[in-house]
Amino acid sequence: QVQLVESGGELVQPGGSLRLSCVASGSTRAYDAIGWFRQAPGKEREGVASISMSAGTTSYASSVKGRFTISRDRDKNTAYLQMNSLKPEDTAVYYCAAGFVATVALPSIYDYWGQGTQVTVSS
């Protein structure tokens, strides 16, 4: 069993930056990948970025490539999402998820989910 807790979401102006954190606790053998997903009101959940905790390989949605960076600290069982050049369309609840395959394409492949953190980009 794995528990995930996200933090770092807040209100930020367009063009600003935020760093989200996802802290995992429980069995570290129950996952290898962390994915970040987001869901805006009235929209489906979409993948943002993913990372393999062991290999460090990453993948990104085209909408955030070049602006967002996912990273991890294996000693702290934590994954980060650095978000730069934020746009109003980035406004959403951001979730992290844990599983064994690092992908942004299939949220259903992840076994564990956090409660989410709200990111609002507005002037």
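How many Å apart are the mean positions of the 11 positive and 10 negative charges of the chain? They are 4 Å apart, where Lys and Arg count as positive, Asp and Glu as negative, and His and the chain ends are not counted. The place of a charge is NZ of Lys, CZ of Arg, CG of Asp or CD of Glu.

This is a predicted model, in which local features need pLDDT of at least 70, side-chain atom pairs count only at pLDDT 80 or more, and totals for chains, interfaces and linings use all residues. Residues are numbered from 1 along each chain as its sequence is written, and side-chain values use heavy atoms, with hydrogens and water left out.

View 1. Helices (H or I, at least four residues) and strands (E, at least two) are DSSP runs numbered from the N terminus. The C-alpha trace spans about 40 × 30 × 25 Å along its principal axes. Of the 123 residues, 43% count as buried; buried means under 20% relative accessible area, exposed over 50%, and partly exposed in between, with a 1.4 Å probe and protein chains only.

**View 2. The largest nonpolar core has 31 residues.** Such a core is a set of buried Ala, Val, Leu, Ile, Met, Phe, Trp, Tyr and Cys residues joined through side-chain atoms within 4.5 Å. Leu 4, Ile 34, Trp 36, Leu 81, Met 83 and Tyr 94 have the most contacts inside this core. Among the elements that give two or more residues to the core are β1 (2-7), β4 (33-39) and β9 (92-99).

**View 3. Tyr 94 and some of the residues that it touches.** A contact means heavy atoms within 4.5 Å. Leaving aside residues up to four places away in sequence, the partners of Tyr 94 include Glu 6, Trp 36, Phe 68 and Val 119.

**View 4. Ser 17 sits in the loop between β2 (11-12) and β3.** Ser 17 is partly exposed, with a relative accessible area of 39%. Beyond residues up to four places away in sequence, Ser 17 touches Val 12, Gln 82, Met 83, Asn 84, Ser 85 and Leu 86. From Ser 17 to Tyr 31 is 14 residues in sequence and 29 Å in space, C-alpha to C-alpha.

**View 5. Asn 77 and Ser 85 have positive phi values.** Most residues other than glycine have a negative phi. Phi is near 50 degrees for Asn 77, and also near 50 degrees for Ser 85. Asn 77 lies in the loop between β7 and β8, Ser 85 in the loop between β8 and β9. Both are partly exposed, Asn 77 at 23% and Ser 85 at 41% relative accessibility.
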